Amino acid sequence: MSTNVFATNGYGEEVDINVMSYNIYHGVGLDGELSLERIADVMKDADAEIIGIQEVDRFYGDRSDFQDQAKELAELLGYHYVYGANLDLDPAEGQEQNRQYGTGILSKYPIIDSENTFLSSFGKEQRGLLRATVNVRGIHVNVYNTHLGLDVPSRLAQVDEIIDVTSSFEGPRILLGDLNAEPDSEEFQLLLEQGNFVDSFADIEDANTFPVINPIKRIDYILSSPSIEHSNQRVIYTEDFDHLPLVTEMKIKR
């Protein structure tokens with residue numbers, strides 16, 4: 001009788017993972033208090049296993065107590081992490097490390113490769129696309145995280161570049177981020193139509209994420225390649241920070 005090697009090693013024909021996207025506003029809540037512990041508690045309560053975080057400081061300044069925020073969140077969760085510095089400035093007075101600001105990916109599963117790609121920003125705040133290839137129980141998943149610009153021309157150019165990058169990798173793909181665009185925008189529709197992404201929250205009511213108090217629009221997203229199934233999509237209602245985090249369960253076939 002033959003033996004299924006995947007089954008005997010805890011691997012099945014598919015894997016389930018909880019995925020989150022969260023703009024953490026450099027760890028400062030609506031009350032003006034800096035607390036990565038509060039953010040980590042939200043992630044733990046949601047049982048999030050792969051998390052894209054935006055507006056993340058690294059030795060940036062007094063506003064975040066010169067924290068290495070992606071690293072410290074990973075340590076609070078016991079997770080792996082990668083960080084993409086989209087701003088890389090000279091050290092603050094009295095400091096040795098460069099002041100950095102960007103995005104991060106936290107993962108319960110090993111990260112086997114990563115890269116941060118700058119996106120066209122036209123002289124405005126530098127934007128980027130952070131990729132992490134995550135080994136989810138034997139399935140290599142390319143996870144992308146981004147925070148797009150504040151004007152339509154910038155976002156259209158950035159979306160074109162994201163489509164180019166994400167289409168160059170085979171296998172299951174997940175795109176997380178604060179896109180600063182609503183679902184009916186031209187730039188978001190391009191991601192669905194030309195980027196071949198599926199919106200996890202397309203049929204979910206009350207999925208607005210901004211602002212936290214009485215949210216009126218959805219600008220935060222969890223997208224994936226069409227082969228990935230979504231379920232249990234939800235917005236986490238917490239008044240700690242200025243965006244509401246999103247979570248969805250994904251089923252990825254081997």
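A crossing of two helices is left-handed if the near helix is turned anticlockwise from the far one by less than a right angle, and right-handed if clockwise. In the predicted model described here, helix H2 passes helix H3 in a right-handed crossing. The axes of these two helices come within 10 Å and cross at roughly 50°. Because angles under 35 degrees count as roughly parallel and 65 to 115 as roughly perpendicular, H2 and H3 are oblique to each other. On the H2 side, the contact is made by Leu 36, Glu 37, Ile 39, Ala 40, Met 43 and Lys 44; H3 contributes Gln 69, Glu 72, Leu 73, Leu 76 and Leu 77. By residue class, this contact of H2 with H3 comprises seven nonpolar, one polar and three charged residues.

Helix H3 spans residues 69–77, and within this helix Gln 69, Ala 70, Leu 73, Ala 74 and Leu 77 are buried. These residues lie on the same side of H3, because they cover an arc of only 135° around the axis. An α-helix has 3.6 residues a turn, so residues three or four places apart point the same way. Gly 78 follows H3 and has a positive phi, near 75°.

The contact of H4 with H5 divides into seven nonpolar and four charged residues, with no polar residue.

Pro 226 is situated in the loop between strand S10 (220–224) and strand S11 (229–235). With a relative accessible area of 46%, Pro 226 is partly exposed, since the exposed class requires over 50% and the buried class under 20%. When neighbours within four places in sequence are left aside, Pro 226 is in contact with Asn 196 and Val 198. The C-alpha atom of Pro 226 is separated by 10.0 Å from that of Leu 192, and the two residues are 34 residues apart along the chain.

Conventions
Residues numbered from 1 in each chain as written. Predicted model: local features only at pLDDT ≥ 70, side-chain atom pairs only at ≥ 80, totals over all residues. Heavy atoms only, no water. Buried < 20%, exposed > 50% of the residue type's maximum accessible area, 1.4 Å probe, protein only. Helix = DSSP H or I, 4+ residues; strand = E, 2+ residues; numbered from the N terminus. Arc of directions from axis to C-beta. Axes fitted to C-alpha atoms, helices over the stretch in contact; angles between N-to-C directions. Parallel < 35°, antiparallel > 145°, perpendicular 65-115°, else oblique. Contact = heavy atoms within 4.5 Å. Nonpolar A, V, L, I, M, F, W, Y, C, P; charged D, E, K, R; others polar.
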